[in-house]
Amino acid sequence: MSSKIFLNNRLVDKADATISVFDHGLLYGDGVFEGIRSYGGLVFKLREHLDRLFESAHTLMLEIPMTKERLEKAVVQTLKANRLKDAYIRLVVTRGVGDLGLDPRKCRQPMLFIIADEIMLYPRAYYEKGLQIATVPTVRNHPEALNPQLKTLNYLNNILAKIEATNAGVDEAILLNSQGYVTECTGENIFYVRGKCIATPPPYVGILRGITRSVVMRIAKELGFSVEEDVFTRHELYTADEVFLTGTAAEIVPVVKIDNRQIGSGKPGKTTRLLTKEFKKLTPKEGVKYDL
Ligand code: PMP
């Protein structure tokens with residue numbers, strides 16, 4: 001069966017899912033998106049993803065051409081058309097077709113599409129052995145320039161960092177902000193564990209307010225950990241008991257080496273494993289249910 005893409009209010013075959021070269025999403029990265037996951041016929045935290053999409057669009061003064069309720073149905077419709085119970089969903093809204101200038105007012109109709117595909121899982125070794133990551137020269141976008149809280153189609157900051165991580169021979173990058181404080185990785189938030197305390201940077205240092213991040217913070221509190229949003233440097237990471245990353249695609253990934261310093265025992269830690277176990281219990285429960 002050829003896969004179906006939801007494009008501007010209807011389902012089309014993948015081969016027909018094309019957009020114009022004059023679309024400002026392509027010409028200027030002018031647009032917003034979400035990466036969402038479904039687990040066993042339940043779209044995990046769909047409402048939270050739609051809220052974040054609408055918030056990013058609001059700041060960009062980009063009108064999403066659909067209500068949240070209709071969009072929720074469109075996501076489910078796309079999953080059903082592709083007969084997917086466990087999926088990765090990419091929801092994109094671009095400014096639409098304009099002229100070659102920047103002016104968004106020339107773009108009369110935003111473009112909306114939804115892709116639902118099999119989830120491409122991260123290599124098992126990432127979870128079993130843990131990741132090696134490194135801080136990179138590129139700093140995270142300054143919040144007064146392009147606030148990392150906006151999930152926009154302009155991911156070049158993250159892509160540069162990813163290239164630098166690859167050049168350094170590690171799996172992922174840590175981006176610092178312009179003051180040297182830890183922000184996040186290229187597509188994941190970062191946490192450290194010290195005893196019964198778990199810390200992660202606050203949004204104002206320049207991060208995407210991750211949905212997995214909020215879920216993990218909640219689980220950790222319920223398990224009796226003290227959870228802090230704290231501003232910290234690399235030193236706190238180097239000397240932590242454990243470090244892990246969170247994201248929709250990655251879920252929770254242990255980190256065992258940063259800038260060549262071993263973290264804790266050098267193996268995925270017990271708190272990271274406990275949080276992963278609790279997170280996995282939750283994913284088939286919280287979200288919007290659908291039947292194929
Ligand atoms: N930071 C960045 C830069 C991201 O792109 C993402 C999402 N891929 C995250 C953090 C994690 O956010 P979420 O848990 O909502 O997927």
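1. The ligand has 17 residues around it, and Tyr155, Glu184, Ile211, Thr212 and Thr248 come nearest. A residue counts as near when one of its heavy atoms lies within 4 Å of the molecule. The model is a predicted one, in which local features need pLDDT of at least 70 and side-chain atom pairs count only at pLDDT 80 or more, while totals for chains, interfaces and linings use all residues. Numbering runs from 1 along each chain as its sequence is written, and side-chain values use heavy atoms, with hydrogens and water left out.

2. By class, the shell around the ligand holds three nonpolar, nine polar and five charged residues. Here Ala, Val, Leu, Ile, Met, Phe, Trp, Tyr, Cys and Pro count as nonpolar, Asp, Glu, Lys and Arg as charged, and the others, Gly among them, as polar. Helix H6 (211–222) and strand E13 (242–247) each supply at least two residues of this shell. Helices (H or I, at least four residues) and strands (E, at least two) are DSSP runs, numbered from the N terminus.

3. An oxygen atom of the ligand is 2.8 Å from an N or O atom in the side chain of Arg52. A ligand nitrogen lies 3.2 Å from a polar backbone atom of Gly187, and a ligand oxygen lies 2.7 Å from a polar backbone atom of Ile211. The ligand taken alone exposes 390 Å², of which the protein buries 93% (Shrake-Rupley method, 1.4 Å probe).

4. The ligand sits in the largest pocket, meaning that more than half of its atoms lie within 2 Å of the pocket's grid points. A pocket is an open set of points on a 1 Å grid over the protein atoms alone, with protein on both sides within 12 Å along at least five of seven lines; lining residues have an atom within 4 Å of a point. About 780 Å³ of space lies in this pocket. Of its 36 lining residues, Lys151, Tyr155, Thr186, Gly187 and Glu188 are the closest to the centre. The lining has 15 nonpolar, twelve polar and nine charged residues.

5. The structure also holds two cavities of 30 Å³ or more; a cavity is a set of grid points where a 1.4 Å probe fits but cannot get out. The largest has a volume of about 70 Å³, and its lining includes Arg140, Lys151 and Tyr155.

6. The second largest cavity contains about 60 Å³ of space. Among its lining residues are Arg37, His49, Thr212, Thr248 and Phe279. By class, this lining divides into three nonpolar, four polar and two charged residues.

Definitions and conventions
Polar contact = N/O pair within 3.5 Å; in protein donor to acceptor, adjacent residues only side chain to side chain. Points joined across faces, edges and corners; volume = space filled by probe spheres on them.
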